[in-house]
Amino acid sequence: MSWDFPQRTLERQAQRHLSGQFQDEWGDDVLLTVSGSSSRSVALKRKGWSMQPDIKGHFLQSGRAGVSRGGERRRESAARARGGTPVAVSAAMMPAATVKPDTTPLYDPRLLQELDWSQNTVTFSPAISPVEPGSGLVLRPLCIADINKGFLKVLGQLTETGSVSPEQFIKTFEHMKSSGDYYVTVVEDTILGEIVATATLVIEHKFTHSCAKRGRIEDVVVSGECRGKQLGKLLMSTLTLLSKRLNCYKITLECQPKNVAFYEKFGYSVSEENYMYQRFFN
């Protein structure tokens, strides 16, 4: 059994980092993972079937688990009833799986577009903003497709990310999105198609202060190749204003002593309280 994908289509998918979870014409889940810049780096999984492309770009069966022969017969019968063939499925027959990745944003991007930038207290030279972060750059919410745009690689320049599978990434993303309290924000270089900076605003709900909300900024990092473009300043200013827009009564962050002066530019002050923690694993 094989799925016939034209070589040029595979190369285009790989170059555009088209990964995601879709459905084929039988309604089965399809997980397409691109991990490199050529079609031989593409992996396809379909309800227990693990597929890898051969030298001609065909996805060949390499194993299956939990797929009943009766289920296969029903698919074959359905295919024949439509005048098709159960042996080869072309890209044209599966437009959803080959057209675009999941670009659903983690949160409403209008929150960024509608920020009152006149309230920003930091000077930028040259002038940039969330709407105009610089030539070839876009500031926006995280989306699932960013796993293939180097998001974890950038985050890894700040802290240990560990081994994260696409399934883990999607599950965490969906949990964050459903909670409505995570605002992971990224800067993308649209020319390279890569994430070059990121920061996260987390909202905590309190019973204190009349059931107010508290904002917390975490994981601020700019890729080494893009430092000096004011992206760290831009992310900090943006998320600080966003926390105010979301009616947080205060916002906090944790930083090393050497970075205190940087964060003081945004109106943050050193607390008299000590930051304490207990680590259970890396």
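Which residues lie nearest the centre of the second largest pocket? The legends below answer this and describe related close-up views.

The model is predicted, so that local features need pLDDT of at least 70 and side-chain atom pairs count only at pLDDT 80 or more, while totals for chains, interfaces and linings use all residues. Residues are numbered from 1 along each chain as its sequence is written, and side-chain values use heavy atoms, with hydrogens and water left out.

**View 1. The second largest pocket and its lining.** Leu-253, Glu-254, Ser-269, Ser-271 and Glu-273 lie nearest the centre of this pocket, which is lined by 20 residues. A pocket is an open set of points, on a 1 Å grid over the protein atoms alone, where a 1.4 Å probe fits, with protein on both sides within 12 Å along at least five of seven lines, and lining residues have an atom within 4 Å of a point. The elements that give two or more residues to this lining are β10, β11 (248-253) and α9, and β11 supplies the largest share, 4 residues; here helices (H or I, at least four residues) and strands (E, at least two) are DSSP runs numbered from the N terminus. The second largest pocket holds about 730 Å³ of space, a volume being the space filled by probe spheres set on grid points that are joined across faces, edges and corners.

**View 2. The largest pocket.** This pocket has a volume of about 1,800 Å³, and among its 45 lining residues Leu-158, Thr-159, Glu-218, Asp-219 and Val-220 lie nearest its centre. Elements that give two or more residues to the lining include α6 (166-179), β8 (182-189) and β10 (213-222), and β10 gives the most, with 7 residues. By class, the lining has 25 nonpolar, 11 polar and 9 charged residues, where Ala, Val, Leu, Ile, Met, Phe, Trp, Tyr, Cys and Pro count as nonpolar, Asp, Glu, Lys and Arg as charged, and the others, Gly among them, as polar.

**View 3. The salt bridge between Glu-188 and Lys-149.** The structure holds 8 salt bridges, each a side-chain nitrogen of Lys or Arg within 4 Å of a carboxyl oxygen of Asp or Glu. In one of them, the side chains of Glu-188 and Lys-149 meet at 3.1 Å, N to O. Because Glu-188 lies in strand β8 and Lys-149 in the loop between β7 (137-141) and α5, the pair ties together parts that are 39 residues apart in sequence. Glu-188 is buried, at 9% relative accessibility (buried means under 20% relative accessible area, exposed over 50%, and partly exposed in between, with a 1.4 Å probe and protein chains only).

**View 4. A network of salt bridges.** Glu-218 and Arg-216 form a salt bridge whose closest N and O atoms are 2.7 Å apart; Glu-218 is partly exposed at 29% relative accessibility, whereas Arg-216 is buried at 17%. Salt bridges that share partners join Glu-204, Lys-206, Arg-214, Arg-216 and Glu-218 into one network.

**View 5. The strands beside β10.** Strands β9 and β10 pair in the antiparallel sense over 8 bridges, and β10 and β11 pair in the parallel sense over 5 bridges, where pairing requires that DSSP finds at least two bridges between two strands. Leu-201 has Ile-217 in β10 as its bridge partner, while Lys-213 stands opposite Cys-248 in β11.
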